Structures are given as structure tokens and as C-alpha cells.
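Please look over the predicted model shown here before reading the notes on its ligand sites, pockets and backbone.

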Amino acid sequence: MALLELTGVHAFYGSIKALKGVTLRVEEGECVTLIGSNGAGKSTTLRSISGLTPPRQGSIRYRGLEIGKTPPQDIVRLGIAHAPEGRHCFQRMTVAENLELGAYVRRDAGVEDDLEKVFALFPRLKEREQQKAGTMSGGEQQMLAIGRALMASPRLLLLDEPSMGIAPILVEQIYETIAEINRQGTTILLVEQNANFALDVSARGYVLETGTVVLTDDSDALRESPDVQRAYLGT
Ligand SMILES: Nc1ncnc2c1ncn2[C@@H]1O[C@H](COP(=O)(O)OP(=O)(O)O)[C@@H](O)[C@H]1O
Ligand SMILES: [Mg+2]
């Protein structure tokens, strides 16, 4: 059984059809990339999984359970955490307060340990524990958004364009940490418009165009594909 399986997912914003039958699967332990240009439906795919834009048609199964009609807070409880596009940190709250919010659905005793794990993954967040999120750089806020998602102790982590608008040096650091999070056992579904780093950390990927999957292959094969190179690798 796949950890996550989308079959023929259709999703809408009012009458605008954003997803036109997305089918994909993610196995436990994998890091999988979803590549696509602006407007392809990448964010909507992640939003459909986390319950923010539920599918109007099609199925989303998580550990065999249909979650297409499950509300977002229950989806977090099931073990799916989403670091959204544009980061959305609470600007006037400190780093520590933002991280605490990530753990709001939890009742177990592991929160303190997970906080230490997040600080070990992102030492810069530890250094800035009492700093207001709004005063940090884009890259640091991206670290905070990922750290906050990890505070839910997810089995599946959804990452939406972690490299967007971030200085190249920090992108590299963030991607090293994404690889480490995956090595430590968290399954990852990663969305990117700029596919270079994403294909490095993932073993497999899907290419999304106008709301539907047009290509899927191993990351190495995608990297070699002339279409992928032209559209998503800037070569
Ligand atoms: N809040 C919204 N209201 C109306 N249309 C939206 C909204 N968000 C996204 N869309 C539309 O849905 C489609 C897919 O968008 P999105 O999933 O954000 O693409 P991507 O993340 O790949 O750039 C686009 O045509 C976009 O204009
Ligand atoms: Mg997007």
C-alpha cells in the first residue's frame, strides 16, 4: 500500500478548474518531486492533500484511508504537514512561538524533543529563537516554515517551493536539510518550479501541466529529458 495515492483528483476555485485528474503516488520513505510551471496546479495539488482545497472528484488515500473530505486539522493529526508556498510565518511572533504553533494539534510528550531536533536541523533558528519572524530573511523564514511543519511530527511532509525567492547559498543549505529530513525517515512530497535542487534530493518525480500529470520518471531520467531541461532546468 502506498503512503499517499491520488487518483483522478479534480479541484476547483469556484468555477475555475485547477486540477483536471491528477494521479500520483508516494511510497513510505520516498522523497518525490512535483515539477511544473507557474499555474500548473502544484500548490493546488498540495492543498488538496492537506484539505485546504478538497477534491470535487477523485480520491486521495493516505495509508489506505480516504481523506478527500477530511478537514485540514484532522489531516495534520493523521500525520501530514504542509509548509505552504510563500512561507506564511506569523510575522509578529517569535521563532519559538511560530514553532510552538506547529505542534498545536499534539497531545503527546514528544514536543520538546522535536523542538531540539528542529534546532539541530536548523541551527540558525536556535540562534534566533526570540527574534520576531518578520525581521528574518526569506531563507530564514523558509527554514522556520519547514521547522514549524516538522513540529507536527509528520509522517508525510508537503513542501511548496522551498527555494522561491531565496538567496542561492541558503537554497543549498535548505536542500541539504531537506535531504537530511528524508534520511531521518520522513516521507516528502516536494513542489518546485525550478527543478535543479529538487531533482537532486528526490529519486522520482512527476511533471504537471495545466492541472494534469504529463510525465513521470526517475529523477535522473527527468533531468536528461529535453522537454524538462527546456521548461524547468533553465538549460
Ligand atoms: N485562490 C485562487 N482563486 C482562483 N484561482 C486560483 C486560486 N489559486 C490558484 N488558482 C488558479 O489555479 C490554477 C493552479 O494554480 P496553482 O496550484 O497555484 O499553480 P502552481 O502552484 O503550479 O503555480 C491556476 O490557473 C491559478 O490561477
Ligand atoms: Mg504554487
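Residues are numbered from 1 along each chain as its sequence is written, chains are lettered from A and ligands numbered from 1 in the order in which they are written, and side-chain values use heavy atoms, with hydrogens and water left out.

Ser43 (OG) and Glu85 (OE) coordinate the magnesium ion, ligand 2, at 1.9 to 2.0 Å. Ser43 belongs to helix H1 (residues 42-49) and Glu85 to the loop between strand E6 (80-83) and helix H3 (95-102), so the pair ties together parts 42 residues apart in sequence. Donors here are N, O and S atoms within 2.8 Å of the metal (3.2 Å for Na, K and Ca); water is not among the atoms, so the site may look incomplete. Helices (H or I, at least four residues) and strands (E, at least two) are DSSP runs, numbered from the N terminus.

Glu85 is partly exposed, with a relative accessible area of 32%. On this scale buried means under 20%, exposed over 50% and partly exposed in between (1.4 Å probe, protein chains only). In H1, seven of the eight residues are buried, among them Lys42, Ser43 and Thr44. Just after H1, Gly51 has a positive phi of about 90°.

The residues around ligand 1 (a heavy atom within 4 Å) include Tyr13, Asn38, Lys42, Ser43 and Glu85.

| Residue | N or O atom in | Distance to an oxygen atom of ligand 1 |
|---|---|---|
| Asn38 | side chain | 3.4 Å |
| Ala40 | backbone | 3.2 Å |
| Ser43 | backbone | 2.9 Å |

The largest pocket holds about 590 Å³ of space. Of its 23 lining residues, Leu52, Val76, His82, Pro84 and Arg148 are the closest to its centre. E6 gives the largest share of this lining, four residues. By class the lining has 13 nonpolar, six polar and four charged residues. Ala, Val, Leu, Ile, Met, Phe, Trp, Tyr, Cys and Pro count as nonpolar, Asp, Glu, Lys and Arg as charged, and the others, Gly among them, as polar.

A pocket is an open set of points on a 1 Å grid over the protein atoms alone, where a 1.4 Å probe fits, with protein on both sides within 12 Å along at least five of seven lines; lining residues have an atom within 4 Å of a point. The volume is the space filled by probe spheres set on the points, which are joined across faces, edges and corners.

The second largest pocket holds about 240 Å³. Helix H4 (residues 111-121) gives the largest share of its lining, four residues.

**Local features**

Ser153, one of the residues lining the second largest pocket, has a positive phi near 55° and is partly exposed at 40% relative accessibility. Thr187 is in strand E8 (residues 187-192) and is buried, at 0% relative accessible area. A polar atom of the Thr187 side chain lies 2.7 Å from the backbone nitrogen of Gly29.

Definitions and conventions. This is a predicted model: local features need pLDDT of at least 70, side-chain atom pairs count only at pLDDT 80 or more; totals for chains, interfaces and linings use all residues. A polar contact is a pair of N or O atoms within 3.5 Å; within protein, one must be able to donate a hydrogen and the other to accept it, and residues adjacent in sequence count only if both atoms are side-chain atoms.
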